Amino acid sequence: MPANKPITIVGGGLAGLTLGIGLRQRAVPVTVWEAGHYPRHRVCGEFISGKGQGTLRRLGLSELLARAGAIPARTTAFFSPQKGSPVRELSEPAVSISRYALDALLAEQFRQSGGELREDERWRGAEIFEGVVRASGRRAQPAVNGWRWFGLKAHARRVELAADLEMHLSPSGYLGMSRLKDGEVNVCGLFRRRAANAQGDFSDGETRPPKEGEAKERPVDGRGRWQEILRGAPGSRWHERLAGAEFDEDSFCSVAGLSLEPHRAGASKECCVGDTITMIAPVTGNGMSMAFESAEMAMEPLAEYSGGKISWGEAQRAIARRCDEAFARRLAWAAWLQRLMFLPRAQNALVLLAPRWLWLWKLLLERTR
Ligand SMILES: Cc1cc2nc3c(=O)[nH]c(=O)nc-3n(C[C@H](O)[C@H](O)[C@H](O)COP(=O)(O)OP(=O)(O)OC[C@H]3O[C@@H](n4cnc5c(N)ncnc54)[C@H](O)[C@@H]3O)c2cc1C
């Protein structure tokens, strides 16, 4: 019997590590290159919602997550600057877990399953060739239609929430606050600035917009404006909620140059999973799920390639087709919802109507995951 061909995965985030674990379960030799190290904080709402929870169960990871501090999230409430919705139950409970714990747990699982993890090693090759899967996360884009998008996140204490997840909307961005274990709350927002005004004002320490292809995500010191941005406009419900918040400054991180335009996996020359294919609007809380799902959809075709049953091109096309079939509709709905989130009138309507009109609430939940 010829030996299985090896697979290299560029990027040890959720998609790369999940794929690595699944391939190891199928006896495929796997190396993951990760430019950063574990544990580390990531800009993320830390709210896992959607079909990706099934992937975690099938890979035998759900129990491990629970032991690492994952807690169920069952309720949510929405707020615009003027209005607040009632607390509404999610049709399927989500899971809240710190990325600090989650990424480290997956990295450990991957290692234990016999995978080679090259931590703190950046893949430098511009071209991705046979046997290499790109899972290197979102592709940076300095501005989209004149807007610069950036994300901020920090953990906080002394925040009383009405629901497991609160979403607060404003004309310049939206913020999720989700309950984590031991009374901590994750505070994470997506913001935008006019590209012409954006330089240096999106997070502490930033002095220039990122260059094409450069994603920024790093802890910075706590002296700058990030707390001011995360605390929201004085007088808003969002600001009130965080009035007594004590932020854990070590957990702060930021990312800039985000693009929320949907892309098809089939349009890429590379074999991709996770955010590298495309990034779904964070308001859906479905990006991590898509990372897990796309990793799962890649496992069989890559195992068949590794075993010599199909060619690399066939594996790549099968993965892209599966991902596009699964994600096209949800990406279209998410892009539409994302646009509404930034129209002040639509914000009030969404906050008032979606949780009250059960059919609309169910439709939005179902179509965006
Ligand atoms: C503001 C905001 C809020 C969000 N909130 C939520 C939420 O509540 N729920 C949800 O489900 N999703 C949320 N998301 C989305 C979620 O964080 C992503 O969808 C998810 O992290 C994608 O996983 P990934 O593995 O594809 O990418 P990543 O987790 O970004 O991992 C990519 C990895 O590749 C590494 N890498 C990059 N280039 C190289 C290289 N050349 N060589 C080696 N390594 C490399 C990086 O260091 C990184 O570790 C949010 C996103 C943002 C921006």
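Me: Where is N145 found?
Reply: N145 is found in the loop between β7 and β8 (147–157). Strands are DSSP runs of E with at least two residues, helices are runs of H or I with at least four, and both are numbered from the N terminus. This is a predicted model, in which local features need pLDDT of at least 70, side-chain atom pairs count only at pLDDT 80 or more, and totals for chains, interfaces and linings use all residues. Residues are numbered from 1 along each chain as its sequence is written, and side-chain values use heavy atoms, with hydrogens and water left out.

Me: Is the phi of N145 positive or negative?
Reply: Positive, about 50°, although N145 is not a glycine. Most residues other than glycine have a negative phi, and most peptide bonds are trans.

Me: What about D120, and where is that?
Reply: D120 has a positive phi of about 60° and is not a glycine. The loop between β6 (116–119) and β7 (132–134) holds D120.

Me: And the Y38 to P39 peptide bond, cis or trans?
Reply: Cis, with omega near -15°. P39 is in the loop between β2 and β3 (47–48).

Me: Switching to the ligand. How many residues surround the ligand?
Reply: 34, with E34, G45, F47, D275 and M288 the closest. A residue is counted if one of its heavy atoms lies within 4 Å. By class the shell has 16 nonpolar, 10 polar and eight charged residues. Nonpolar covers Ala, Val, Leu, Ile, Met, Phe, Trp, Tyr, Cys and Pro, charged covers Asp, Glu, Lys and Arg, and the others, Gly among them, are polar.

Me: How much of the ligand does the protein bury?
Reply: 92% of the 1000 Å² that the ligand exposes when taken alone, by Shrake-Rupley with a 1.4 Å probe. Two or more shell residues each come from α1 (14–25), β2 (30–34), β11 (185–194) and α7 (287–306). The largest share, three residues, is from α7.

Me: Last one. At what angle do α8 and α10 pack?
Reply: About 125°, with the axes of α8 (residues 312–340) and α10 (residues 358–367) 8 Å apart.

How values were computed: Axes fitted to C-alpha atoms, helices over the stretch in contact; angles between N-to-C directions.
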